[in-house]
Every structure is written in structure tokens, then in C-alpha cells.
Amino acid sequence: AAVRALAGETPARALRGRAGASQPSAVFLFPGQGAQYAGMARGLYEREPVFREELDRCAEMLRPHLGLDLREVVFSDDADRLKQTALTQPALFAVEYAVAKQWMSWGIAPEAMIGHSVGEYVAACLAGVFSLEDALALVAERGRLMQSLPSGSMLAIPLPAADVEPMLGGSVSVATINAPDRCVVSGPGDEIAGLEAELLARGIEAKRVETSHAFHSPMMDPVLDAFRARVAQTVRPAPELRWVSNLTGTWITPAEATDPAYWASHLRQAVRFADCVATLAAEGRERVFIECGPGRTLSSLVKRQVPGSAAIHSIRHPEDGADDVETLLGALGRAWAAGASVDWTAVHGGDERRRVVLPTYPFERKRFWIDSREAMRAGAARDAEDPAERFWVPVWKEAHATAAASPAGTRWLVLADALGLGERLTAVLRNAGASVSVAEMGDAFARAGDERWLVNPARAEDYRALLAELERAGALPDAIVHLWSLDGLGDGTALRERGTGSIPMLSEALSAHAAGRAFRFVAVSDGVHDVTGERPRPDKIALLAARGALQAAHPAAACRSVDVVLPASGAELDALAARLVAETLDPRATGADVAYRGRRRWTTSLEALRLDAAEP
């Protein structure tokens with residue numbers, strides 16, 4: 001994949017950057033209501049510890065204010081629930097705050113910030129004006145008060161605010177100025193409908209904004225005094241970081257940031273985002289704009305207003321099919337390509353994940369020739385040995401059965417076959433007190449039931465998704481039994497469809513989610529070896545190489561291959577399942593080949609074989 005990207009075959013994944021004469025400063029952008037969507041940042045919560053820790057802090061602090069666990073709202077598939085203003089605003093704050101903390105943990109801290117409407121509370125919190133606890137309480141109260149008001153409507157108009165204002169009357173006002181050539185108006189539903197019809201008659205197509213209330217309009221007036229009083233109850237130090245105010249479009253002052261009246265007016269007056277961007281652009285400094293929230297609305301607006309600027313979004317748009325973590329790491333790459341300084345040790349969590357083992361010596365291109373007489377005499381002595389004595393052959397020998405060990409209390413992953421052995425193995429393990437997760441072959445990754453999953457054997461992302469779910473549930477396996485090479489000695493069609501590629505893809509997923517863990521791995525096959533005169537299947541030999549590669553990639557693992565002949569009766573299947581448990585838990589040889597033929601157990605060893613010249 002890296003070769004294809006660098007060769008330009010996948011241009012969307014290849015990034016190019018040109019750093020300037022000086023390191024650019026970072027500007028954090030925090031979006032407002034309307035950017036949210038169900039399940040936003042779920043992947044970050046599952047796989048990025050810093051993001052998860054910060055979001056958990058916010059969720060716990062919000063419990064007494066919301067009466068529920070915010071995580072159940074954010075990661076739910078119920079989109080309607082997240083449209084409730086009383087929940088939307090705390091959800092946006094928590095996600096944006098956690099994203100900002102993730103960037104800061106990677107060594108990228110904001111030199112300046114812009115928050116769009118409720119997003120300005122994240123900026124104020126990071127600047128130290130509000131403690132996290134106070135900021136969350138204020139945002140929860142803000143959302144509750146706004147939701148208590150009569151419903152209203154908002155309309156996006158592709159015209160400058162100065163051209164729209166003469167058309168307004170009654171309780172309709174300009175709510176946001178997101179760009180010099182467009183704005184959003186807000187007011188009662190009937191008045192907005194009338195304005196929409198008037199614009200259409202002039203050939204101007206405006207667009208309704210999906211919202212329940214008329215934010216930043218006179219309809220907010222009834223709650224201003226109550227909210228001003230609530231802000232006054234907090235401790236508000238002067239800001240330690242600077243941000244550009246939505247209310248004025250220029251730099252916030254300490255007097256404004258600490259004044260409860262400012263925050264009440266901020267709730268009511270228009271959001272002047274375009275002016276905020278213009279204020280930053282006027283300084284002429286090299287900057288990287290990083291949108292710390294769902295979607296890419298603000299970064300897109302910055303690109304339109306300041307062409308050529310480095311504007312990056314951290315969380316995928318809801319219509320993007322990209323992975324959440326891949327999107328964020330792609331944003332990190334773009335910031336680095338633009339010249340931002342990154343703490344790569346922190347990015348990798350302080351460990352050496354995805355480490356590639358290289359030789360422990362440099363290639364110095366110096367020759368060290370051994371020319372001692374002793375070495376020459378030793379070589380001559382070797383050459384004088386009888387060539388017929390130099391050969392060895394692997395042979396199968398009957399061996400004692402492995403001692404039965406109890407799997408009680410251990411966690412297992414069974415990649416179950418369609419012939420019944422996996423089902424019997426699962427039953428044996430659970431009856432013995434083991435915890436078992438079962439992966440069955442399907443078209444795409446999905447949960448098939450309690451501790452049962454569907455996995456497409458040909459899709460690497462399905463194995464990563466499976467291991468991520470097991471890691472999240474604290475069920476990473478102590479033992480793995482791979483049964484997907486079993487086909488009952490058929491014609492090989494099923495084997496070719498899933499291939500032995502399942503083991504390398506599983507190994508890659510284990511590297512991402514269980515690196516360094518000690519676990520046991522058994523690859524079960526039928527028809528690989530000629531033990532007692534059977535006709536072996538050459539197309540299955542690759543299974544042995546795949547097992548060896550997994551062992552090399554995971555030195556702490558104990559790997560073994562077991563070749564069987566599937567019995568016809570259920571009782572014999574149960575007996576074979578019990579033997580596989582014993583083989584998996586066997587503390588002896590790692591990497592040994594084992595075969596079962598009926599009730600007999602066989603292992604391989606090497607024996608000397610003299611090859612006389614008369615033999616062909």
C-alpha cells in the first residue's frame with residue numbers, strides 16, 4: 001500500500017508539503033451546532049487513549065446536569081436524540097475538547113483559536129477562563145434554556161449580510177456570517193417562510209438549516225438574564241491563550257472574556273465567523289488551521305476565504321466512509337507536511353508499535369577474510385567426509401498423547417469451520433469454564449450474536465475490527481484455534497476462496513491490538529501430511545509457512561500445526577475437540593507438526609539417511 005501511494009497510484013493518500021522559512025503556528029477551530037452526527041468520533045473513543053480519557057471526564061462531569069451518560073447519546077445510532085439542543089451542545093463541547101486535548105498531547109498546541117457559537121466555550125475553557133467543570137455546566141444550562149424556548153427556523157442565504165439586512169423585518173435577524181458572500185438568518189417559522197418565498201421570487205435559492213430553534217435571534221431574549229446570572233456564579237480568570245471573538249470578529253479582551261454580559265450577548269447576537277478569519281489573515285503569519293470537531297465545515301470556509309491556507313479537519317464527515325483514526329492520523333500528517341512540529345514519541349504512545357526488526361550491525365562494506373591455516377584445515381576435513389552421510393529425512397513417529405490441561409478461566413478465539421469441529425470445540429471449552437469468542441466466515445464483519453462474529457476471510461479490515469472489539473471488551477484471547485483450512489478433503493474450492501491468507505491477516509491484526517502478548521496458536525488442517533499412507537494435499541502446504549510466519553511475527557506466542565482426518569460421528573468429533581484443547585495448552589514444543597490419525601498421535605523428527613551412489 002505504501003509503494004502504491006508513493007508511486008501515485010492512490011493520489012488521495014499521497015501528501016506533499018512545503019515547509020516555510022519558519023514553523024507555522026496552530027489555530028484550533030471549534031464548530032457549532034449543526035456539525036454533530038450520530039456516532040461521531042466512535043473510532044477515536046475505541047482506539048485513542050487520550051481522546052477516550054478526556055471524553056470520559058466530560059461525560060462523568062455532565063451526569064448530574066443531564067441525568068444520563070452522554071456517551072450513550074454520542075455513540076448511539078439514534079440521530080433524533082442528538083438533535084435535542086439540550087444534548088447537542090454538551091455533546092459537541094465534549095467531543096471538541098477531547099479532540100483538542102488529543103492534538104495537544106501530540107505536541108501541537110494552539111497559538112490562537114476560533115469557536116463557532118457554542119464552540120467558543122471550548123476555546124474559553126482551554127484558555128483558562130472557565131474550568132472544565134464550569135464550562136460543561138454552562139454549556140448544559142445554555143442548551144437547556146435554549147431548548148425551553150418556542151421553536152423557530154434558520155435560513156442560509158447565498159448573499160452578503162449587508163444585502164440581506166434591508167429585507168429583514170419583525171423578529172428575523174442575521175444569525176451567522178460564515179463567509180463574506182453568504183449568511184444565515186434566524187427567526188419565527190412563518191416569517192422565515194415568507195422571506196424564503198420572497199428570495200425565490202427574486203431567483204435566489206436559499207436553504208433551510210436543520211435546527212429546532214431560531215438561534216442568535218430576538219427569540220433568545222427571554223433566557224438572557226437567567227444565563228447571565230448563571231455565568232456570574234463561576235470563577236473567571238483572565239485568558240491565558242488568545243482567541244478571536246464571535247461577537248466582535250476581533251481578538252477577545254480580558255474584560256470581555258470575564259464579563260457575564262459578554263456571554264449573554266454571545267448567545268443572542270450574530271456569529272461573525274468571516275470577520276474572525278479575516279482578523280487572523282490580516283496578521284500575515286503562516287498558520288495551520290485545525291478543525292477540532294465533527295465534519296469539515298469551518299476548515300472549508302477558511303480555505304474559501306484564505307486560498308492556499310493549510311486548513312485541516314480532524315473528524316470525518318458523516319458521509320465519508322473513512323476510518324476515524326485514519327482520518328485523524330491523516331490530519332496529523334497534513335499538519336506535519338505543512339511544517340508543524342510533532343512529538344512522534346507521543347503519537348506512538350511511548351512504545352515502538354509497528355517496529356521493523358533490522359540487523360544490529362551497519363553495512364560498512366569492509367571485508368573480513370578468514371585465512372588462518374586452522375580454518376583451512378577444518379574446511380578440508382569437512383570436504384573429506386563421505387557425501388553419502390550428509391542427508392537427513394523427516395519421519396513420522398507415534399507419540400504419547402498430550403496431558404490434559406484445564407482451560408478454565410482462559411479466553412479463546414475459535415475461527416470456526418463449517419463442518420462441526422469448531423462447534424464441538426466451543427462446547428468443550430465452555431463446559432470446562434473457558435470464555436470463547438467465535439469467528440465464522442461471512443460476507444462482511446458483523447456481530448452474529450453473543451460472543452459470535454462474522455468475518456470475511458479475504459478482508460484484512462475485518463480481522464482488525466474483530467480484534468478491536470475483543471480489545472474493547474477485555475476479551476483478547478489467550479489461545480487461538482484456526483479451523484478455516486478444513487474442507488473435509490474436498491476439491492479445494494472452499495480453501496481457495498478463503499486461502500491461507502487468513503493467517504497473515506490475523507497476524508497483522510494481532511500486531512495492532514495484541515503486540516507483545518503471550519498467546520497460543522494452533523492451525524488445524526486436514527490432508528496436509530502423508531502420515532500413514534494418505535495422499536497429501538499440496539495446495540494446503542502453504543498453511544505451514546503461514547503458521548511459521550505468525551510465530552516469527554509474535555515471538556512470545558506458542559504456535560503449532562495439527563493435521564487431522566475429520567471423523568464422521570459426533571462422539572469422535574467431541575474426542576478430537578478435547579485433543580485440540582490439550583494440544584493448544586501443551587507447554588512443550590513450539591512450532592512442532594502434529595498429526596492425528598484416528599486415536600493415534602504422531603509427531604515429526606529427523607533421521608539420518610545414507611544415499612549410496614547406486615541409488616537413483
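Hi everyone. By partly exposed I mean a relative accessible area between the buried limit of 20% and the exposed limit of 50%. With that cut-off, Glu 451 is partly exposed, because its relative accessible area is 29%. One thing to keep in mind throughout: this is a predicted model.

Let me stay with Glu 451 for a moment. This residue is not a glycine, yet it has a positive phi of about 60°. Where does Glu 451 lie? You will find it in the loop between strand 13 (446-449) and strand 14 (452-455).

Ser 117 also has a positive phi, again about 60°, and is not a glycine. Its loop runs between strand 2 (110-115) and helix 7 (119-126). Is Ser 117 buried or exposed? Ser 117 is buried, because its relative accessible area is 11%, and buried means under 20%.

Now to helix packing. Two packed helices are described by the angle between their axes and the distance between the axes. Please look at helix 6, residues 85-105, and helix 8, residues 132-147. Their axes come within 7 Å and cross at roughly 150°. Helix 6 and helix 8 are therefore roughly antiparallel to each other, since angles over 145 degrees count that way. The crossing of helix 6 past helix 8 is right-handed.

Who meets whom here? On the helix 6 side, the residues are Thr 85, Ala 86, Gln 89, Pro 90, Phe 93 and Tyr 97. Helix 8 answers with a list that includes Leu 132, Leu 136, Val 139, Arg 142, Arg 144 and Met 146. Sorted by class, this contact of helix 6 with helix 8 has ten nonpolar, four polar and two charged residues.

Helix 8 has another partner, helix 11, which covers residues 224-232. Here the angle is about 170° and the axes are 11 Å apart. Helix 8 and helix 11 are therefore roughly antiparallel to each other as well. From helix 8, Ala 137, Leu 138, Glu 141, Arg 142 and Leu 145 take part, and they meet Ala 226, Phe 227, Arg 230 and Val 231 in helix 11. The contact of helix 8 with helix 11 divides into six nonpolar, no polar and three charged residues. If you are tracking individual side chains, Arg 142 is listed in the contact with helix 6 and also in the contact with helix 11.

Both helix 8 and helix 11 turn up again around helix 13, among the elements that cover its buried residues. Helix 13 spans residues 260-268, and seven of its nine residues are buried. Among them are Tyr 262, Trp 263, His 266 and Arg 268. The cover also includes helix 7, strand 4 (173-179), strand 7 (242-244) and helix 12 (254-257).

On to the cysteines. How many disulfides are there? The count comes to zero. For Cys 276, the nearest cysteine sulfur belongs to Cys 183 and is 16 Å away. Cys 276 counts as buried because its relative accessibility is 0%.

Glu 572 lies in helix 24, residues 570-585, and counts as partly exposed because its relative accessibility is 42%. Between Glu 572 and Ala 261 there are 80 Å in space, C-alpha to C-alpha, and a sequence separation of 311 residues.

Methods: Residues are numbered from 1 along each chain as its sequence is written. This is a predicted model: local features need pLDDT of at least 70, side-chain atom pairs count only at pLDDT 80 or more; totals for chains, interfaces and linings use all residues. Side-chain values use heavy atoms; hydrogens and water are left out. Axes are lines fitted to C-alpha atoms, for helices over the stretch in contact, and angles run from 0 to 180 degrees between N-to-C directions. Helices (H or I, at least four residues) and strands (E, at least two) are DSSP runs, numbered from the N terminus. Angles under 35 degrees count as roughly parallel, over 145 as roughly antiparallel, 65 to 115 as roughly perpendicular and the rest as oblique. A crossing is left-handed if the near helix is turned anticlockwise from the far one by less than a right angle, and right-handed if clockwise. Contact means heavy atoms within 4.5 Å. Ala, Val, Leu, Ile, Met, Phe, Trp, Tyr, Cys and Pro count as nonpolar, Asp, Glu, Lys and Arg as charged, and the others, Gly among them, as polar. A disulfide is a pair of cysteine sulfur atoms within 2.5 Å. Buried means under 20% relative accessible area, exposed over 50%, partly exposed in between (1.4 Å probe, protein chains only).
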